[in-house]
Amino acid sequence: MRYGRRLGIGSALGVGVVAVSALAPVATAVTPDTATISFDCGIYGSGTATLTATQDGTAATISVSTSAISAPIDVAAGSVDSTLTLTNNGTGTSTFTGNSNPAIPAGSPVSTGPLNGTVAAGDSLEAKSLKIVVMGITVTCNATSAQAPGPFVF
């Protein structure tokens, strides 16, 4: 009888662990998690950008750091409104938006993000344009190269 009680407690603990594991959120991985692309920002410059993506279920973020645009003056944290537009599976588009930039010293490359968006399993996203609004000035950057090593696959 004592043996049965121990087995019963052990089984109950095992079932509890399985139940808790089933309720834990599943973080899925985006591949690649970092990519580069070249942008032309018209009179504001051109250069490369590094995109860093993360995913948690259907929520995803992409951070952008680019040498295509330099801050002419110090830019306060959270003061850059950004929209990154990506092709979705080669046909539609998906946008990631936000204003969570770090403080950017004058003369430094612009960094923005994380920019927030929603994804579905199997989405294949490749950056096409970046719009940045800072101090009322809108800068639109268009991709001049393919994203390398390739699109973000969620």
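Residues are numbered from 1 along each chain as its sequence is written, and side-chain values use heavy atoms, with hydrogens and water left out. Since the model is predicted, local features need pLDDT of at least 70 and side-chain atom pairs count only at pLDDT 80 or more, while totals for chains, interfaces and linings use all residues.

**Exercise 1. The disulfide**

Find which cysteines form a disulfide, and state where in the chain they lie.

Solution. 

Step 1. A disulfide is a pair of cysteine sulfur atoms within 2.5 Å. In general, such a link is a covalent bond between the sulfur atoms of two cysteines.

Step 2. Searching the whole structure gives one disulfide. Its partners are cysteine 41 and cysteine 141, with sulfur atoms 2.0 Å apart.

Step 3. The pair links distant parts of the chain, 100 residues apart. Cysteine 41 is in the loop between strand S1 (34-40) and strand S2 (46-56), and cysteine 141 is in strand S8 (residues 137-143). Helices (H or I, at least four residues) and strands (E, at least two) are DSSP runs, numbered from the N terminus.

Step 4. The angle about the S-S bond is 110 degrees, and the link of cysteine 41 and cysteine 141 is right-handed.

Step 5. Buried means under 20% relative accessible area, exposed over 50%, and partly exposed in between (1.4 Å probe, protein chains only). Cysteine 41 is buried because its relative accessibility is 2%. Cysteine 141 has a relative accessible area of 1%, so cysteine 141 is buried.

**Exercise 2. The partners of strand S4**

Determine how strand S4 pairs with strand S7 and with strand S5.

Solution. 

Step 1. Two strands pair if DSSP finds at least two bridges between them.

Step 2. Strand S4 (residues 80-88) and strand S7 (residues 124-134) have nine bridges and run in the antiparallel sense. Here aspartate 81 stands opposite valine 133 in S7.

Step 3. S4 also pairs with strand S5 (residues 92-98), in the antiparallel sense, over seven bridges. Leucine 86 faces serine 94 across this pairing, and asparagine 88 stands opposite glycine 92.

Step 4. S4 and S5 form a hairpin, with three residues between them. Asparagine 89 lies in the loop between these two strands.

**Exercise 3. Serine 94**

Is serine 94 buried or exposed, and which residues is serine 94 in contact with?

Solution. 

Step 1. Serine 94 belongs to strand S5.

Step 2. Its relative accessible area is 11%, so serine 94 is buried.

Step 3. Contact means heavy atoms within 4.5 Å. With neighbours within four places in sequence left aside, serine 94 is in contact with Leu84, Thr85, Leu86, Asn88, Thr118 and Leu125.

**Exercise 4. Backbone angles**

Locate two cis peptide bonds and two residues other than glycine with a positive phi.

Solution. 

Step 1. Most residues other than glycine have a negative phi, and most peptide bonds are trans.

Step 2. Proline 32 is in the loop between helix H1 (2-23) and S1.

Step 3. Another cis peptide bond joins glycine 113 and proline 114, with omega about 15 degrees. Proline 114 is in strand S6 (residues 109-118).

Step 4. Asparagine 89 has a positive phi, near 60 degrees. This residue is partly exposed because its relative accessible area is 44%.

Step 5. Methionine 135 has a positive phi, near 50 degrees, and lies in the loop between S7 and S8. Its relative accessibility is 52%, so methionine 135 counts as exposed.

**Exercise 5. A surface patch**

Which residues form a nonpolar patch on the surface?

Solution. 

Step 1. Like charges are joined within 9 Å, and nonpolar side chains (Val, Leu, Ile, Met, Phe, Trp, Tyr) within 5 Å.

Step 2. Ile43, Tyr44 and Ile137 form the patch, and together they have about 340 Å² of accessible area. Accessible areas come from the Shrake-Rupley method with a 1.4 Å probe; for residues, only the protein chains shown count as cover.

Step 3. Isoleucine 43 lies in the loop between S1 and S2. With a relative accessible area of 80%, isoleucine 43 is exposed.

Terms used: Patch = residues over 30% accessible without salt bridge, like charges linked within 9 Å, V, L, I, M, F, W, Y side chains within 5 Å. Salt bridge = Lys/Arg side-chain N within 4 Å of Asp/Glu carboxyl O.
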